[in-house]
Amino acid sequence: MRVFWCKVYGKVFNGNLFHGVKLNATNFGWKFSPGSTISAQNRLFSYSCTAAQKARDRETEILRKYSHFLQYESVFQEKHELPSEKWEEIMQHGLQKSSNTEQCITNIMKECRSSNNLKLASSFLLYLKEISHEPTTGCLALFMDICSQSQEECDEATILSTYDELSKRVPVQSMPLLVRMIGALCRTSHWQQSHQLLQTIKKIGIVPSEVYENMTVAAFCSGDTKNAWQLLCQLMNTQSKKFQRVVLAFANYCTTLEKEDRKTAVIRFLQLLHKWQVFLDLESLGPLSDLLKEVGWDVTMTTVNTYSGRCRSCGNIMDFSPISPDTFTSLRKAFLEKVLKRGDIYVNSSPEEWQHFDRLLTVHAPFTHILDGLNIAYRSSGPAHQRSKMLQQNRRMAANLLSIVEQIISDHPSAKLLIVCRAHMAKWHLPTMSRLHDLAHCHYLTDLSGDDSFILYAALYSGIDCKIITSDQLRNHASRLQDAELQRVFKLWQQRAQQATKFAHPIQLQPPRKFTTTSQPCRSDGLSWHIPYNDGSLETSYDLPRTWLCARHVSRSKSLDELHVSRSKASSARHVSRSDDLSERHVSRSDDLSVGARHATGGDMDEYGLASSGLPHLNSRNCSIMEDEANEPIAHVDEKYSSARRVQSNRVLKEKPHSVFDKSIVERKTSAGITSLKDQFPVVKKNYRKTGVKGENSLDAETGSYVVKKGSRKTNDKTDYLHDGDLKQPNTQSSDTKKNPRNIKKKKEKETPDEFDDAKKAALKNKLNNLLRGL
Amino acid sequence: MKAVLRTALTRTFMRSYFDCPRAPCTAFPSTRPFSSISPANVRQLVTCYQAPRSVPSLLNARYKNSWTQSDLASTLTEEEKMTLVKAEYELYRAEEETQVPSSLTENEWEELARLPGVSRRKKYLRFLYLNEMKSINDKKKKLERRKISEAKYQQLQVELKSESAHISYGLWRNSMFIKWSDQRVNTVDSHRVVQAKLFGQPIIFDYDFDEKMVAREKKVLGTQVAECIGMNRQYLDPFYIHFCNFRREEESAQLTIKSVPTLTNEDFLVDLHPDNFLEVFPREKLVYLTPHCREEVREFDHDAVYIIGGLVDLRSDEPFTLAKAKRQRIKMQKLPLDRYLDWGTGRKSLTLNQIFGILLEAKQHGSWTKAFAKYIPPRKLLKPQYGDAEAIKKKMRQKHTSRYSVESLFKD
């Protein structure tokens, strides 16, 4: 399948054919790269397409049944002119069915329109002229509609005379008629006249996108470049999705240019795509890719790593599209007025609450991370039977939140966090919540307030680099901004700032995106371009495409052989790694709305390939825990690290049944790990963290209480909270491990028996204490 | 000659229309298709068919408050908009492809000009067309029915004459019951409402959301409130209805008056207050019913004054009623839907007549289950699938709890 996929990538370019192959492949039940979710979506898409097609067919069938000209159906389908005898016959037939001649003429034109037959319609108009019968106004308007919609060639004189006639007859032209007239005029050489009509439409109201589309096509065809570019900008501003005809016309226009001019024109077009954040669909992508090839670029259909932004074809890295400080501040101001306050602060909040929040921001901002407390807490998939119990659920949700906070702090030691919570969260598992208070600013809103807008505003207030941790898609907030330009900026900023959580157990933070999905030139040479396109799998207009067109400048691109080698390498690497499939499955199971998770289609071999290569050994040892861990994205991996991990996990497995031992070991590990090994061993640390949370919970369950130290957040304090008075142990390891990270493995192995004894003693002591207390 | 006149006409139209927007509008007759405009009736067209100068002043106000973005530019005057809309109508009529009614009333033209977007206007025209066809067909059917019933009556007369002198019982013959005329039923109903006005529990409809609704929603509000007033009369123990913040110059109030024309009569048994409810009732007694809050109405409180927000939100689900209750520091509660029902699909903000009916039923019988069963559409509830053991179990549990709570209600 992999080989087949490469072939498809390399050779098939025509959009339709490509799509067809893909659909066929999925119908045969082959798993389709890059992710199984995409193939599933495609299958769904194809089904929905067929369903819609069936409905349309049924409709036309019914229309056909009630048509007056059922017996002449074949005549109306054929696209050539008819002799006048035939027309006479049809007229005779029509007159029987309708009350007068005018109605009959309109009916015949309607029939032409339903079969979209321009040639036949113009021949009918000629026939009417022949018998010197005046066509009705409705008939002419219908003819204009056929002109503006059909793709065939037509006699220019007929269109122009009809246009003149119609503009004479109809004194006040309404919007639909004007749109049709422009559509028809743009098929002739007199398309410049449509500028006047456009002005009229502008006076009447909002200009529909099809007007700009038609005019742009006409402008490119006639070589009126200045107007064409202007009209193209306006077309892109209307957020239209149909670009097929425009791209075709542009490609035709480019063939007339010199080679250098052609290149600048193409780059200008791409820059427009970048500026207006337009995503082309497959139909319009075909001509564009052909054009790019002609200009001398090497074009590949590819995907991009969701997190690192590395192109899987050329290896270049995508970039953020910049947001200027002015636009950012204007976004913040607009957001405050339109989304948070909404003209009535009571809808979302109350004035007192807002003042309180504002004060918090002025005193403590800027933050580096803003967390949506409830959203994170609820995104955990535990065993189903646990969910029914309210208390346990609350405890688990608090633990979720804590684990995310700790993940962030371990990644960014200098992070300044703000958690926006609702009032009822204060009643959750107290020790965990107080721990959260130590680690971050927690701001409680009332249960009736909408927290999303507060989170977004805090992030906007803290600056462009502030991250939001939420899995909400935030579409409603974007739409409340109402201004198209602001919405574009908001979407860009959201891609940059948002970080989702994985719907997994235990909960994990997804790595932040490092690029925005827009067409962009390469960072390195500035000549190669990456253009995202919609392959038809996007469900809503807010979704971001996952498929890209990689256009490389030939002189700088790698040779083809080299490419093949790298691809086969990549595929073999993927073959070995099970992590790809696992993570894909994870994603497909999580039927959630997060932007990140949708894009996490697994198979991120560029970064994680090395990590997963260490996996087979582990699997052979039946390390069930490790399997889960392997799915974690790991930043830097080397040999010692993976071996260290292996040992750790083994120990965790062994020690799992003895929760008390586990606890004490964990305590020591956390004290050593978090303080000293922060930078050297990111994942080892994560290990500690996870078991640490587990240990903490069990500790609480058994001893019932322990001291919580509130106060400033320091790394030393962080470890202290785990220790009960009895269990506290001197922290001797840290200095050693600091000096030599490798020692940790040996040392821990050595220490285990001691630890066992200590932990046993501690547990016994605890039990005794409890018993005594009970007595 | 013909052609020249036509072009001249066109030019005058275009000039008056686009160059000077305040020029008097010269619309052509709505009933005439384009083809019938000939030199003979040009004068008639220009002189007689000036658009009505007295365009209702309300129309302007509506545009200002309108939430919908019209595709027609806001710089156009009402007359120009009307002309454009009429031109559109003529186009559809000439094409015979979109179904349009044969004529429109003044109100319908206004409504049409207010609609945003070409497709919305098309839809509305089709709606009017269907209404027209329906009324024509209804008239036909009515005539046929009348013929049949008249024939029957004649036959009966013949039969009665031929029968013997002995008393016979039945329809059109003798009966042992007194006839209750509609008027009499009406009097009894009104008597109950009068009693409620003297001693009964008040309830408030809050008309303060005029800005938040579009014309369509205001219209729906009118019909729903009319239904509430009718429903109230049929219960043994009706509410004493108050409309607060009811300002007659606002459109929502006007449309309500349109659907209940006797509302403004002095002897009508609904109280209208232009003021806020805080000036009519003490704050402690007021309870705002809003689906967005967290507290539920556990038991129907016979001393409380419940407020129903006069807000129909067909487009969005914004918590406006919650905002208002919060601002005025009034206690807010929601109906205990989740406690008694397995909610399936559909929104939990119900229509006004549903809420009002539920309250009436709960007041009379003290049973939420009964009230919900009567007034909440079953399509919104979850049906247990055949063989779905989990769902059936849940349903059983639910039944048990609800029965228990109903019993407890009766004990109290």
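Okay, a definition to begin: helices (H or I, at least four residues) and strands (E, at least two) are DSSP runs, numbered from the N terminus. And an axis is a line fitted to C-alpha atoms, for helices over the stretch in contact, with angles running from 0 to 180 degrees between N-to-C directions.

What you see is a predicted model, where local features need pLDDT of at least 70, side-chain atom pairs count only at pLDDT 80 or more, and totals for chains, interfaces and linings use all residues. Residues are numbered from 1 along each chain as its sequence is written, chains are lettered from A and ligands numbered from 1 in the order in which they are written, and side-chain values use heavy atoms, without hydrogens or water.

So, chain B. Helix H8 (residues 215-234) packs against helix H9 (residues 251-259) at about 45 degrees, and their axes are 8 Å apart.

Next, the two chains. How many residues does each chain bring to the contact? Chain B gives 37 and chain A gives 36, with contact meaning heavy atoms within 4.5 Å. Between the chains there are 4 salt bridges (a side-chain nitrogen of Lys or Arg within 4 Å of a carboxyl oxygen of Asp or Glu). B:Glu318 forms one with A:Arg342, the closest N and O atoms being 2.5 Å apart.

The bond from A:Ala365 to A:Pro366 is cis, though, with omega near 0 degrees. A:Pro366 sits in the loop between helix H19 (351-364) and strand E3 (369-372) of chain A.
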